[in-house]
Amino acid sequence: MPFFSNILRVNSRFQRVVVQQAYQKRGFSSSVQCKVSFQQRHFLTLKDFSSEEVKSLLWVAADLKYRFKDRNERYTPLAGRSAGLIFEKRSTRTRVSTETGVALLGGHPCFLSPSDIHLGVNESSKDTAKVLSGLVDIVLARVYRHNNLEVLASEGSIPVVNGLSELYHPLQALADFLTLREHYRSLKGLTLAWVGDGNNIIHSLMMTAPKLGVNIRCATPKGYECDPTVYSDAVDLAEQHGTTMYCTTDPMDACKDADVLVTDTWISMGQEEEKNERLRAFQGYQITKKMAAVASPDWCFLHCLPRKPEEVDDEVFYSRQSLVWQEAENRKWTVMAVMLCLLKDHQPILDRPSF
């Protein structure tokens, strides 16, 4: 038996070395230790996280992906922990990634639909925060109003994660930058072109990109610009980190020499009555190969999904340059990283990636 046990240990070490070498070729090369602690913090907007903290979250996400997907490891650091998942809005990626992610980490996800919980209606958000603080260890909430998240965070005693609000969608931004780091190996110096509505997705990208050395060009129709306070904060971040940030109404101008082309729905949940008006306003904003022709030769495309054909044509959406499926999967690894880091310190076994 000792003989066979030694063989198994040697084989396990060999497999780890092989996978580690493959990851090193993709830019995971440093042996720096993770010294950032996120315990008991909230995750409402990436505006609240430093450059080093954002990179640490991406590192943990890459580490979890490596452990579960490449090593097929059983790793349950959240055993005995539970997560309350409040969903005022329907969801595919956020719900499935969070439920399966928490379960993989050994925790218990508890889904709360509008029929189970209605923030501020049957019970005040303040009271809900206090009740859930005694029942679960962490809350993820997908809400209409960002203020509801702030109330949950200020009145409760457990970490609160923004699963989407009208102002920010920070989990999506993390997944986007994990995808881009995997694709380009390094993020610094990339230029991201946003073509579409000035919504929660671009707001979160603006709060993150400068901290990773990424430039942003944002093309929106008149009347559909980014929130002015968010944009002002983004300009300040760009100045601090030596990147560029500007907005235009010309999609071709935004896409010129850009590395990454990004768009999202033009009609978010709650805006259905504005559909015809918005479709008229966004004429000329569909991402096409003509638009991509002015981008960098090595351009790629991102969309947080679900996608409508008027936002991007099939030729781009289903092209080899489209990273949307990888991007969707990475929602899982990034939400797992956030939930884990807010509940306990985690030391990755994967070497720190370059950014």
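## A buried aromatic pair

Tyr224 and Phe282 are both buried (under 20% relative accessible area, with exposed meaning over 50% and partly exposed in between, using a 1.4 Å probe and protein chains only). This is a predicted model in which local features need pLDDT of at least 70 and side-chain atom pairs count only at pLDDT 80 or more, while totals for chains, interfaces and linings use all residues. Residues are numbered from 1 along each chain as its sequence is written, and side-chain values use heavy atoms, with hydrogens and water left out.

## Aromatic pairs

Rings of Phe, Tyr and Trp (its six-membered ring) pair if their centres lie within 6.5 Å; planes under 30 degrees apart count as stacked, over 60 as edge-to-face and the rest as tilted. By this rule there are 11 aromatic pairs. In one of them, the ring centres of Tyr224 and Phe282 are 5.1 Å apart and the planes stand at 55 degrees, so the pair is tilted. Tyr224 is in the loop between strand 7 (215-219) and helix 8 (228-241), and Phe282 is in the loop between helix 10 (275-281) and helix 11 (289-292), so the pair ties together parts 58 residues apart in sequence. Helices (H or I, at least four residues) and strands (E, at least two) are DSSP runs, numbered from the N terminus.

Phe317 and Trp325 form an edge-to-face pair, with 5.6 Å from centre to centre and 80 degrees between the planes. Phe317 is buried, at 3% relative accessible area, whereas Trp325 counts as exposed, at 52% relative accessibility. Tyr224, Trp266, Phe282 and Tyr285 make up one aromatic cluster.

## Charges over rings

A charge sits over a ring if NZ of Lys or CZ of Arg is within 6 Å of the ring centre and within 35 degrees of the ring normal. The charged end of Arg67 sits over the ring of Tyr75, 4.2 Å from its centre. Arg95 has its charged end over the ring of Phe111, 3.5 Å from the ring centre.

Four strands form an open sheet in the order 3-2-4-5, with parallel pairing (two strands pair if DSSP finds at least two bridges between them). Strand 3 (108-112) and strand 5 (160-164) are the edge strands, each pairing on one side only. Strand 4 (residues 138-142) and strand 5 pair in the parallel sense over four bridges. Ala141 has Asn162 in strand 5 as its bridge partner.

Helix 3 (residues 93-104) lies across strand 2 (82-87), strand 3, strand 4 and strand 5, and runs at about 155 degrees to strand 3. Contact means heavy atoms within 4.5 Å. Axes are lines fitted to C-alpha atoms, for helices over the stretch in contact, and angles run from 0 to 180 degrees between N-to-C directions.
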